[in-house]
Structures are given as structure tokens and as C-alpha cells.
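This report goes through one protein chain, from its overall dimensions to selected local features. Please keep the sequence and the structure at hand while reading.

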Amino acid sequence: MLESQAHRRLHAIQCHLLPSSTASDDDSSSHVQPNLTAAEFFHGQGYSVVLPEKLQTGKWNVYRSARSPLELVTRFADHPEIGTLHDNFVHAVESFRDYKYLGTRIWEDGTVGEYKWMTYGEAGTACKAIGSGLQFHGFQKGASIGLYFINRPEWLIVDLACSSYSYISVPLYDTLGPDAVQYVVNHADIQAIFCVPQTLNSLLSFLSGIPSVRLIVVVGGVDEYLPSLPSGSGVKLVSYLKLISQGRSSLQPFCPPKPEDVATICYTSGTTGTPKGVVLTHGNLIASAAGFCRAIKFASSDVYFSYLPLAHIYERTNQFILAYYGGAVGFYQGDNLKLMDDLAALRPTIFSSVPRLYNRIYDGITNAVANSGKLREGLFRVAYNSKKQAIMTGRNPSPMWDRLVFNKIKEKLGGRVRFLGSGASPLSPDIMDFLRVCFGCQVIEGYGMTETSCVISMMDVGDNLSGHVGSPSPACEIKLVDVPEMNYTSEDQPHPRGEICVRGPIVFQGYYKDEVQTSEVIDNDGWLHTGDIGSWLPGGRLKIIDRKKNIFKLAQGEYIAPEKIENVYTKCKFVSQCFIYGDSLNSSLVAVVAVDPDLMEAWAASEGIKYENLEQLCNDPRVRAAVLAEMDAVVMEAQLRGFEFAKAVTLVLEPFTLENGLLTPTFKIKRPQAKAYFAKVISDMYAELSKSDPKLQKM
């Protein structure tokens with residue numbers, strides 16, 4: 001029986017493979033052909049292959065990358081001997097010893113200068129000194145080490161030292177706030193913390209409440225200026241440079257981990273409750289990076305700009321990949337307001353960001369074009385439409401348009417970018433197309449989460465269709481599970497829909513010390529239930545269409561996924577950020593919109609509206625009505641259903657931020673906190689709606 005099942009599964013897979021005589025050796029994707037029993041594959045250029053999950057049912061519902069249909073990727077194709085992050089860095093140092101690796105801008109005479117670089121060999125030497133320094137202080141294999149500061153070379157060196165000496169790195173968000181940091185330190189039993197002078201003050205405020213900590217290392221600190229700790233604290237306080245010196249004086253051999261050893265515990269802040277510790281092994285992280293590298297190639301000549309938080313799995317995975325290829329990493333100054341200055345100085349070839357920044361770039365360019373005069377605006381439109389048409393039809397655009405229009409725009413990111421990556425939340429198709437045209441480079445959107453070691457799926461190079469997140473990573477397989485309460489099923493036409501579930505070597509080991517929540521997301525067959533709703537588009541492309549976790553019911557019984565609606569509303573020119581609220585006591589939605597003050601002022605001037613201050617302008621009923629009308633137009637274009645329209649809006653000047661507690665460190669809205677924060681304006685909007693039309697509200 002086993003032999004028969006194995007034979008049948010092999011036959012099913014082989015149905016997707018072309019005979020070797022008809023496949024080109026240099027085109028791995030050409031070895032895959034559609035299986036005609038899978039309705040999605042109606043043409044021969046599929047990015048995914050479909051397989052049966054269980055042979056007995058005969059249901060074809062599991063999707064794999066066409067790049068690796070026979071097995072899920074766990075190692076790099078060119079270097080299968082790399083099984084851990086330590087192996088990966090040893091490979092980088094041996095292969096690229098004298099290449100530029102970590103760059104920072106140096107302050108001289110009160111001004112910031114050019115980037116100064118540390119080579120791979122120098123980073124390797126520092127890594128060994130830090131690891132030896134930790135051993136000097138008596139830390140044993142498996143100890144948890146906290147990193148409590150923003151991106152800079154020392155962050156990566158400490159993380160690499162943890163990998164090379166079998167310690168577990170635990171990133172601490174610098175924006176989490178003292179209470180959450182204290183919780184994570186205690187929950188993860190952190191024994192040593194690397195911080196900077198700014199975060200040291202926070203640590204010292206609750207030092208007595210973190211008894212597991214024995215050593216605090218201050219990056220950028222000077223020993224003689226470090227504060228004295230209470231004699232009974234049992235904590236040593238040293239500078240980063242002193243730890244390096246201690247390590248150099250007693251260098252110890254590496255203590256290499258195994259692929260199954262825990263590499264890191266990443267705490268996801270979540271939108272509710274206490275942070276959850278996602279346990280990831282070296283094998284998880286190498287599989288994730290290796291899957292990415294099957295689809296996208298970087299080079300040792302590439303320069304990457306690091307500003308996304310290293311505490312997030314998105315940025316850390318980028319670093320593992322860059323090290324594998326021997327690329328250079330330039331860090332921002334630490335000030336988001338100076339990003340453009342840093343980009344001009346670094347001139348990166350690779351830039352990864354999130355839709356929030358790309359939206360700002362889009363708004364900045366379109367506003368500049370709109371205010372440039374009719375002649376220049378007309379030229380931009382002609383150039384844009386011509387170049388977009390060429391890109392979408394697979395032709396080379398005329399270089400004239402770059403010389404006349406787009407080269408100036410490219411300079412905003414330094415002028416050399418050849419790859420733009422986007423993740424963390426959906427990128428509007430319009431903005432993706434805009435980036436492709438204006439920057440003339442490959443723009444790739446990916447989808448992933450901390451629990452899958454980053455990448456679940458990503459767009460394929462050469463795929464010019466926007467509005468999706470591509471095909472499965474070669475390191476995992478994906479299926480959609482029916483969500484009947486939201487009317488999503490695998491039988492939906494024209495495309496199957498359901499909750500996205502992921503399985504493979506990238507899936508995490510579980511939530512640290514929390515079997516209950518682990519069992520809620522990983523089922524008995526090893527499938528991770530993401531809480532996201534997806535749909536399969538032609539060619540095996542995945543599209544994120546909804547969110548299961550934050551759904552709520554309106555009074556009339558309709559289910560609402562607020563994040564989907566908020567993503568649509570952010571396309572409205574007035575909307576910088578949006579919080580959609582509704583509940584089972586009311587039959588309609590209301591919105592709180594954070595607006596761009598400059599845009600509001602310009603619009604009010606164009607409309608001849610008089611006001612004393614911006615707060616008065618935002619509260620003007622005429623302004624609110626105009627904004628709501630624009631919002632209605634956007635959701636009508638997106639073809640949302642009537643009950644998904646906000647019936648009232650409040651405009652606020654204060655943006656949703658980490659500091660005011662309305663955003664998570666991954667820039668997702670904290671819904672319970674936002675509900676409490678805006679409780680009065682929400683109540684006022686519903687009261688206003690009841691007066692205007694009582695039928696709209698209480699049911």
C-alpha cells in the first residue's frame with residue numbers, strides 16, 4: 001500500500017514536468033508545465049504547481065513554487081554545506097574577506113561625512129572578540145542575549161557572535177516601552193543585554209525587576225562615564241569596547257550551533273495582549289534565505305541601505321541574504337527625517353521598505369508634478385504612460401523619457417537602485433506600477449510573517465502584473481482553507497479563496513513557553529494558519545484579500561475586515577492614516593483619519609475656505625463632507641460593498657505613532673488602544689448619525 005501511494009504521488013508530481021528533451025537547461029521554470037486537472041493552470045507559464053495534499057481525497061489544493069516542485073528548499077543551491085547562520089557568516093568571511101561590509105557615516109567637525117566601511121574580515125574579528133568576551137563573563141551555550149538599540153554595525157556583530165557561540169539572540173524593540181521590554185527580558189530569561197546610552201537609562205529604571213540579567217554592555221559608552229550600579233544588584237556594566245578588549249585578551253574557539261538549535265526568539269508585539277516569543281532555529285532562517293535566493297540573485301557589488309528595524313524578521317532576513325552574497329550594508333544615521341540625505345550619500349543598489357514609505361514617495365512626486373506647471377505636468381503624463389505601456393508589454397522603454405523626466409526622480413534614492421523590495425503590508429497596485437516606471441527597476445512585493453522566518457511568497461522576476469504577492473517561496477507550500485463565516489471557499493469562482501496556511505522548513509518551532517497559543521496556529525498536520533485570507537490568481541499567484549483575525553460583526557450581521565477597508569482608504573489623497581471602527585450594536589462604520597497638514601492647507605486655499613487654525617479646519621463640516629466624498633469615490637472604485645463604506649469621518653492632525661501607543665513596531669494599528677483613544681469622537685460620530693438618520697444605527 002505504501003509503495004502504491006508513493007508511486008501515485010510521484011506520478012502526480014511528474015505530470016507537471018516536461019520531458020528533458022524539450023526543456024532548456026538554462027531555464028529552470030521551463031521544466032514545469034501545468035497539470036490540466038488544476039483549473040488555475042490554463043496556460044503554460046505557471047509560477048506555481050498544484051499538488052494533492054492527501055492522495056486519498058484527490059483534492060488538488062497544495063501549491064509549491066515551480067522552481068522547486070519536487071522538494072522544499074532547506075539549503076542554498078550553491079552551498080548546501082551552509083546549515084546555520086554561523087556557517088553562512090564563515091562562508092562570507094572566507095569568500096569576501098576584504099570586501100566592504102558594514103558602513104556608517106562619520107561625524108567630523110559637527111557635520112556628518114561620507115560612509116566609512118568595515119570589511120567582512122574585520123567584522124569576523126570583532127564577532128570572535130564579542131563571543132569570547134561573553135564567554136569571559138561566564139555565559140554558557142544557550143544563554144539568551146538581548147539587543148536593545150537601533151540599526152548600527154554593532155547590532156549585526158553581536159547577532160553574529162551569538163550565532164557563532166551558540167547563544168540565543170533576543171531583539172528588544174527600542175520603541176516597545178519599558179513595561180514590554182521588562183516583560184520580554186523576564187519571559188526570555190535574558191542574561192546579558194547590549195544597549196546604547198539612551199536605552200541604558202530605561203533599563204536602569206527597572207533594573208531590580210529583571211533578576212536574570214547579569215551583564216549590561218553599552219554600545220557607544222565610555223567606561224569612566226558609565227553610572228555606578230547598586231552593590232547588591234549583581235549586574236556588571238561595561239562598555240562595548242571593553243568587552244571586545246576582554247574577548248581579545250582571551251580568544252576562544254567558536255562554539256558552532258546545529259541547524260536544529262534555536263537561533264533567536266523574536267517577540268511580536270501584536271495588536272493585543274502581551275508580546276509572544278517566536279522561536280526560530282538556524283535551520284528555519286537558512287531555509288528562508290535559501291528559498292529567497294532561488295528566485296532572486298544579489299551580488300558582492302550590491303550596496304544595501306539598512307534602516308528598517310533589525311528587530312523585525314524582514315530586515316534580519318535581508319541581512320542573512322546580503323552576507324551570503326558578500327554585499328555591502330550602509331546604515332542610516334538613526335533619524336528618519338534624514339533618510340534622503342543618507343540615500344544620496346550611500347547610493348544603494350538595493351532598497352527594501354514598507355508601503356508606508358513608498359506611499360510618501362508617491363505623494364511627494366505626484367504633488368511636485370501637480371505643482372510644476374501645465375507644461376511639465378503634461379510632459380510627465382506622456383512620459384509616464386509611454387514608459388508604463390512599454391513595461392507592461394515587455395518592451396524596452398525609450399531612454400529619452402529617463403533623460404527628460406525620470407533620472408531626476410531616481411536621484412531621490414541615490415540614482416543606482418536596481419531592486420526595490422516591499423513587505424509588511426499590501427502595496428497598492430497603482431503605487432507598484434508607479435515605482436516601476438519612475439525608478440526603472442525591478443519592484444518585488446513579498447508576503448511573510450515572523451512565524452515563517454520571513455518570506456512565504458514573493459513576486460517572480462519578470463512578472464509585471466501587480467496586485468498580488470507572487471508564488472510560494474521554494475522553501476514552503478501553501479494551501480487555502482475555507483472560512484465559511486466569511487463566505488470564502490476553495491470552490492469560489494473564478495478563483496479559490498480561503499485562509500492562507502503554510503507548511504515547510506521555514507515554519508517556527510512555536511511560541512516560547514506558550515503551548516496553548518502555539519496549538520491555536522499550528523494544526524496536527526504541521527500547517528501554520530496565518531489569519532490572512534488569500535485568493536489564487538491565474539498562474540499560481542497569491543493575492544491577499546482580507547484578514548480573518550480582526551473581523552467583527554455589524555448589527556445587521558455583516559462581517560467586517562477593517563484592515564482591508566483601511567488599505568483602500570489610504571489611496572485617498574486626504575488620508576495619511578485611517579482607523580475604521582464598527583461593532584455589533586451599530587449598523588454602519590465610522591472612520592478616524594489622520595490627515596497631512598500641508599495637503600489640507602493647500603486644498604483649503606484652493607477652495608477659498610477661511611480658518612483660524614488647522615484644528616478648526618479639520619472640524620469644519622464642509623471639509624469633513626469633502627473628505628468623506630473623496631473616500632466614497634475611492635471605495636466605489638475598489639468595488640467595496642455598501643456596508644463597508646464609512647458613514648462618518650473625524651479628521652485628526654496627530655498621526656498614529658508608536659509614541660502615542662496607536663501603532664505596533666510593525667506599523668499596524670493597535671485596535672483596542674485606538675478604540676479607547678478615540679472613544680469620544682467615535683461616540684460623537686454615532687450620535688451625529690443617529691440624529692441624521694436613526695435607521696442607520698441601533699438595530
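**Whole chain**

The model is a predicted one. Its chain contains 21 helices and 28 strands. The table lists values for the chain as a whole.

| Property of the chain | Value |
|---|---|
| Span of the C-alpha trace along the principal axes | about 75 × 75 × 60 Å |
| Radius of gyration | 26 Å |
| Accessible surface | about 30,700 Å² |
| Part of the accessible surface from carbon and sulfur atoms | 52% |
| Residues that count as buried | 54% of 699 |

How does the radius of gyration relate to that of a compact globule? For 699 residues a compact globule would have a radius near 27 Å, so the 26 Å of the chain agrees with that. Contacts between residues at least 6 apart in sequence were also sorted by separation, and 64% of them join residues at least 24 apart.

**Cavities**

Three cavities of 30 Å³ or more are present in the structure. The largest cavity holds about 80 Å³ of space. Which residues line the largest cavity? Its lining is made up of L85, N88, F89, Y101, L156, D159, L160, Q319, F320 and A323. By type, the lining has seven nonpolar residues, two polar ones and one charged one. Three helices each supply at least two of the lining residues: α2 (85-96), α4 (153-164) and α9 (313-325).

**Helix α5**

Helix α5 runs over residues 178-187, and its buried residues are A180, V181, V184, V185 and H187. What do these buried residues pack against? Their partners are the elements β5 (144-148), β6 (168-171), β7 (190-195) and β10 (262-268). After α5 comes D189, which has a positive phi, near 55°.

**G247 in helix α7**

Helix α7 spans residues 240-248 and includes G247. Is G247 buried or exposed? Its relative accessibility is 0%, and buried means under 20%, so G247 counts as buried. Apart from neighbours within four places in sequence, G247 is in contact with A129, S132 and G133. As for D261, which lies 14 residues away from G247 along the chain, the C-alpha atoms of the two residues are separated by 24 Å.

Key
Residues numbered from 1 in each chain as written. Predicted model: local features only at pLDDT ≥ 70, side-chain atom pairs only at ≥ 80, totals over all residues. Heavy atoms only, no water. 1 Å grid on protein atoms, 1.4 Å probe; cavity = no way out; pocket = protein on both sides within 12 Å on 5 of 7 lines; lining within 4 Å. Points joined across faces, edges and corners; volume = space filled by probe spheres on them. Helix = DSSP H or I, 4+ residues; strand = E, 2+ residues; numbered from the N terminus. Nonpolar A, V, L, I, M, F, W, Y, C, P; charged D, E, K, R; others polar. Rg over C-alpha atoms; globule rule 2.2 N^0.38 Å. Buried < 20%, exposed > 50% of the residue type's maximum accessible area, 1.4 Å probe, protein only. Contact = heavy atoms within 4.5 Å. Areas by Shrake-Rupley, 256 points an atom, 1.4 Å probe, with all protein chains shown as cover.
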